[in-house]
Amino acid sequence: MQKPSERYRGYTSFDYLEPHVDYQVFELAEQFGRVPEYELGLDPEQVSRVTRILAEEHAISLHEHPKILTADPHRLREYNHTGRNAMGFAGLARSGMSAFFDNFMNGTNCVTSENGWKWNDVVFDIGLRFADVAKQDHVVLARTVADLVEAKSAGRIALVAGLEAATAIENELDRLDILYGLGIRQIGIAYSMANQLGSGLAEPQDGGITSFGRRAVERMNRLGLAIDISHSSDRTSRDVIDESAVPVFITHAGARAVWPTNRMKPDEVIIACAERGGVIGIEAAPHTTLSPEHPEHSLESVMDHFRYCVDLVGIDHVAFGPDTNFGDHVGLHDSFSGHLTIGQAHGHVEHPRVTHVAGMENPAENFTNIVGWLVKNGYSDEDIRKVIGTNILRVLKEVW
């Protein structure tokens, strides 16, 4: 974890409002110290190198949810019903990241509905989050590559707004334009369940992309919406890669060859994505990117997927999308397993259950530990620069 950014002024979510009057107050999880700090065993020279790299280079998370969860996971549904999720501004200020793709509540977005993914709930979530961000000046909304560059040079951290699925657009193509106009710059095709665009990875039958989905991909390309296929089925993923005129992202996943569940991507999809210029971001949400060598989920498990993907498609097509938040992520999964179809998506492979992913527990620590691991394992500055930032920037320059 890095020292807090000098640009951070101490703002906390909803400081512009009156607690208990303008919004419901919940006991929130701690942003720091919730779990023991991960020890990589770096020497002083290596620590100095990590600090220098994070200070000098773009460090971009391809997928995060930097909200602060409730201290009691059983209150998450009530918390989300209010529509107001606090953002971990203090944690982000210590993260070393220059930018992150924020995917908001997504499938847990149940402001008006118990089942999430509704259009009104999505717009509600986006609007309230953007209002909160607008009241401070450390985190800034990024809509262009120039915005990402400017945020880095100014010592700020850029938020790229994304959605994990296009489910909320239903069969209304123009809703993509509306989302773009609101500031969304990255969108998934389907989550685990199928929608109007295509099949999700939890469906028993893989129907691939729909005719409407093909029209949606074309519209996304015209708008400059980066496309994510992390939660799409294998056939839908291949169809989207083939249909898109520009590279696509797998923003948060791993390799099925390393851990055989549907949540991981098969070699053929990872290769196809890379051959078209795309990038896979390595996932770290609990009980996802495990490996036979490290079945107890940790930074080491995550990096087993990283190494495999680098060997498979090359260093130019791999990045990181940790998919973390501030609080009990395991508790979140337990609370929303039905909404997120986690059981169907992950499949069942025996493994130890963890309380948290050691070394990849929240956005404040992820990139310090990722870069620390890369330094410890002999990666060059150039290769580190690629996987923590410039690979993503290369794709965005083409897509946006």
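These legends describe close-up views of a predicted model. Residues are numbered from 1 along each chain as its sequence is written, and side-chain values use heavy atoms, with hydrogens and water left out. Local features need pLDDT of at least 70, side-chain atom pairs count only at pLDDT 80 or more, and totals for chains, interfaces and linings use all residues.

**Figure 1. The whole protein chain.** The secondary structure comes to 15 helices and 9 strands. Both are DSSP runs numbered from the N terminus (helices: H or I, at least four residues; strands: E, at least two). The C-alpha atoms fill a box of roughly 55 × 55 × 45 Å along the principal axes. Of the 400 residues, 62% count as buried. Buried means under 20% relative accessible area, with a 1.4 Å probe and protein chains only. Take the contacts with a separation of 6 or more: 75% of them are between residues 24 or more positions apart. Contact means heavy atoms within 4.5 Å.

**Figure 2. Strand S2 and its two partners.** Strand S2 spans residues 99-102. Both of its faces are covered. Ala99 and Phe101 are buried on one side, Phe100 and Asp102 on the other. Strand S1 (residues 60-64) runs parallel to S2, joined by 3 bridges. Here, serine 61 stands opposite phenylalanine 100. Strand S4 (residues 157-163) also pairs with S2 in the parallel sense, over 4 bridges. Alanine 161 in S4 is the bridge partner of aspartate 102. Two strands pair if DSSP finds at least two bridges between them.

Figure 3. Histidine 252 lies in strand S7 (residues 249-253). Its relative accessible area is 0%, so histidine 252 is buried.

**Figure 4. The largest pocket.** The volume is about 470 Å³. Of the 23 lining residues, Lys3, Ser5, Leu54, Ala55 and Gly96 are the closest to the centre. A pocket is an open set of points on a 1 Å grid over the protein atoms alone, where a 1.4 Å probe fits, with protein on both sides within 12 Å along at least five of seven lines; lining residues have an atom within 4 Å of a point. Grid points are joined across faces, edges and corners, and the volume is the space filled by probe spheres set on them. Helices H1 (44-56), H3 (89-93) and H5 (145-153) each supply at least two lining residues. H1 gives the largest share, 3 residues.

Methods
Buried < 20%, exposed > 50% of the residue type's maximum accessible area, 1.4 Å probe, protein only.
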